[in-house]
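Reader: I would like to learn how to read helix packing and chain contacts from a set of coordinates. Could we take the features in turn, with the general idea placed beside the case?

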There are 2 protein chains.
Amino acid sequence: MSTSTSPLALPFPSLPAIPGVSLRVARARYKNWDRCDLTFVTLDEGTSVAGVLTTSKCPSPEVEWCRKALPLGTARALVVNAGNSNAFTGNRGRAAVEAIAARTAQHLGCEPSDIFVASTGVIGVPLPIDKAEAGLDAAYTAEPCAWEDAAATIMTTDTFAKGAMTTAVVDGRTVTLAGIIKGSGMIAPDMATMLGFIFTDAAVDAMFLQRVLSEANGTSFSCITVDGDTSTSDTVLAFATGKAGNMPLANDDDAGADAFRAALADLCRKLALLVVRDGEGAQKLIEITVEGAESDRSAHRIAMSIANSPLVKTAIAGEDANWGRVVMAVGKAGEPAERDKLAIRFGATQVAQGGLAVEGYDEAPVAAHLKGQEIEIGVNLGLGEGRATVWTCDLTHGYISINADYRS
Amino acid sequence: MSTSTSPLALPFPSLPAIPGVSLRVARARYKNWDRCDLTFVTLDEGTSVAGVLTTSKCPSPEVEWCRKALPLGTARALVVNAGNSNAFTGNRGRAAVEAIAARTAQHLGCEPSDIFVASTGVIGVPLPIDKAEAGLDAAYTAEPCAWEDAAATIMTTDTFAKGAMTTAVVDGRTVTLAGIIKGSGMIAPDMATMLGFIFTDAAVDAMFLQRVLSEANGTSFSCITVDGDTSTSDTVLAFATGKAGNMPLANDDDAGADAFRAALADLCRKLALLVVRDGEGAQKLIEITVEGAESDRSAHRIAMSIANSPLVKTAIAGEDANWGRVVMAVGKAGEPAERDKLAIRFGATQVAQGGLAVEGYDEAPVAAHLKGQEIEIGVNLGLGEGRATVWTCDLTHGYISINADYRS
């Protein structure tokens, strides 16, 4: 599975320390490798937590554990295992998550429900409890590490480490938000779950944090797709340590609530886009904007229908301005659309309008746009004011090689 | 686009003449080629007709024409154009369909609404009326041709001509049903629409024919997918000439109604499977059966979720018994499923049961099964009695080559 770095990779940014957050990594050796594969993040007392989890009906025991712990709203540690997703492992998988939480709680002197756990890697193999416990013990006594080390340790098929940051002014203080993420397909349960972790020193009430994270998810992680496949383990968690000393955010009209909400949405979008940039086999990042729909929800569904169409994605891989495939994807979405009102653009050039091709449109700027790494497709349905933007990548021989020319 | 014949191709079968049906082909030269690309089927007076059409919200004018003509229930001719789908061409596209129907009606001395039209090929280019009319005139005076000629003339990216037949005893008489079909993706609007045409000498009331065709569609054409993409032009039409002389079938309890229904369903399934066998890049035919679902509808949705998963399809291409990807696809379908009741088999071998891998299952028969051309995946949800079978093909480098390494 050694693949070269995605051509769309970005360098790891400089991320500041977040007061109240300590990062450590260790070698649990979940697979026969010598890399760090266990990430251990400790969080000072008073840290609030929120999360969004896979909608899969067959979630991993880690997802079930987080779903149960989230309503309590407090966190003291995050443990992330790479190399084994522990999904579809029955009672033994559940026992492994419970053992990790218990051991960590013992180290920190807290409740097991304050420990959040996520795992990514092969499925169907129960996470070995002895390796997890030894890895945890090693991490607990290790020196703190840098963001990039943690971001690299949660990787599986990812080809580059992914992180982002932003700031906001809340209650007169500058708060920092930083996040790391992994994901490369959207997402294979066996190899490429999306896991994202966000940390801030802002003081944020857990319920409010949950609300703004869910909102941010709606315009970020829910708007990306590599292959339309949804993992059994997808997890995004946000932790707020409160060390910035602001009055805790709890309501929409609190000072700085809007700024924090905007900053979190910005960070989530940055992190989500990094996953698309590392999409399996991706050569191009595709931004699809649908406007003029009957509602935002309808626009989103149509945009995802386009983003998930293998024929649209292969056309972009072939640098082909094949707007007919976009029409097809609009038509199959099952949402209100009228063929004779439809307009389509590639980059800034309208190629179809009013139900037919724009006669004699200038093909040169379209061809130039399609040769680039960042492709924009715009669809105007001409029906209403609904609007959505989603992101995907092209579908290439690389995707097939990664997923077919490989035996589990 | 010259690709070699699908490894899953079947030889064209021997199909009998259907009394009341005459097949002719001609060169309209819709593209710069020298092959026949216009198929002209005349039907004796008294022929009833039924059809199922694409659910796309952006259908071709041909689809709109057929949708309007079908309720009248009578047919005298079918015209099929290959090389130009006439989709997304505004008023000029509508005018082309009207011209074809008018010219044909003039030749036959019937109403334009008795003429059914279907087109497949590039989109966005209005079908040239002069070429269509010249082609029609040539076809009208041509000698009748064989089924295989007609089946080849409706092809676009298809790699082999597709036809099938069956018989039934109705009212003491043996009636024959024969069909031809084209399709290779499911389905690109620009290249590979699915068009299917079924002919029988049985006497069948149009409303009854419509009902049994819709039923048959539910277990055949609606159960296949190559890439999850739905064409703007998908069309299946069934014509019944009545020449067999049986008492016209009009009700479920008419003599032979059950036999006719079963024969039609059988023929539709045969034709649908031929399309999957010619799926773009297909190396393997995959049959997915979901049972134990809460309802048949729920089983169908879960089966289609598996069939449309790029990760499942690439795993089969790689001959990899990756049941984790099947779990993922069940989980993302959004239908009732319980992880700990799920059982999965490849061929006859159970690989997962009760929410985890079957310990020490014999991998040899699984590996042997996956090396074959016809793959069976079975999923038992353990919830109820809902059941569905769908068919797809694997996702290979060939699919990418056909769809990305090509410029329209």
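Author: Let us begin with a pair of helices in chain B: helix α1 (residues 61-69) of chain B packs with helix α2 (residues 90-108) of chain B at an angle of about 50°, their axes being 9 Å apart. Helices here are DSSP runs of H or I with at least four residues, numbered from the N terminus, and axes are lines fitted to C-alpha atoms over the stretch in contact, with angles running from 0 to 180 degrees between N-to-C directions. That angle makes α1(B) oblique to α2(B), since angles under 35 degrees count as roughly parallel, over 145 as roughly antiparallel, 65 to 115 as roughly perpendicular and the rest as oblique. This is a predicted model, in which local features need pLDDT of at least 70 and side-chain atom pairs count only at pLDDT 80 or more, while totals for chains, interfaces and linings use all residues. Residues are numbered from 1 along each chain as its sequence is written, chains are lettered from A and ligands numbered from 1 in the order in which they are written, and side-chain values use heavy atoms, with hydrogens and water left out.

Reader: Which residues of α1(B) and α2(B) meet?

Author: Contact means heavy atoms within 4.5 Å, and by that rule P61(B), E62(B), E64(B) and W65(B) in α1(B) meet G93(B), R94(B), V97(B), E98(B) and A101(B) in α2(B). The residues of this contact divide into four nonpolar, one polar and four charged, where Ala, Val, Leu, Ile, Met, Phe, Trp, Tyr, Cys and Pro count as nonpolar, Asp, Glu, Lys and Arg as charged, and the others, Gly among them, as polar.

Reader: How many salt bridges does the rule find across the interface of chain A and chain B?

Author: A salt bridge is a side-chain nitrogen of Lys or Arg within 4 Å of a carboxyl oxygen of Asp or Glu, and the rule finds four across this interface. R339(A) forms a salt bridge with E64(B), with the closest N and O atoms 3.1 Å apart. The contact between the chains takes 67 residues from chain A and 67 residues from chain B.

Reader: Where do R269(A) and D266(A) lie?

Author: Both lie in helix α6 of chain A, three residues apart, about one turn of the helix, and R269(A) forms a salt bridge with D266(A), the closest N and O atoms being 3.4 Å apart. Over all chains, a search of the whole structure finds 48 salt bridges.

Methods
Helix = DSSP H or I, 4+ residues; strand = E, 2+ residues; numbered from the N terminus.
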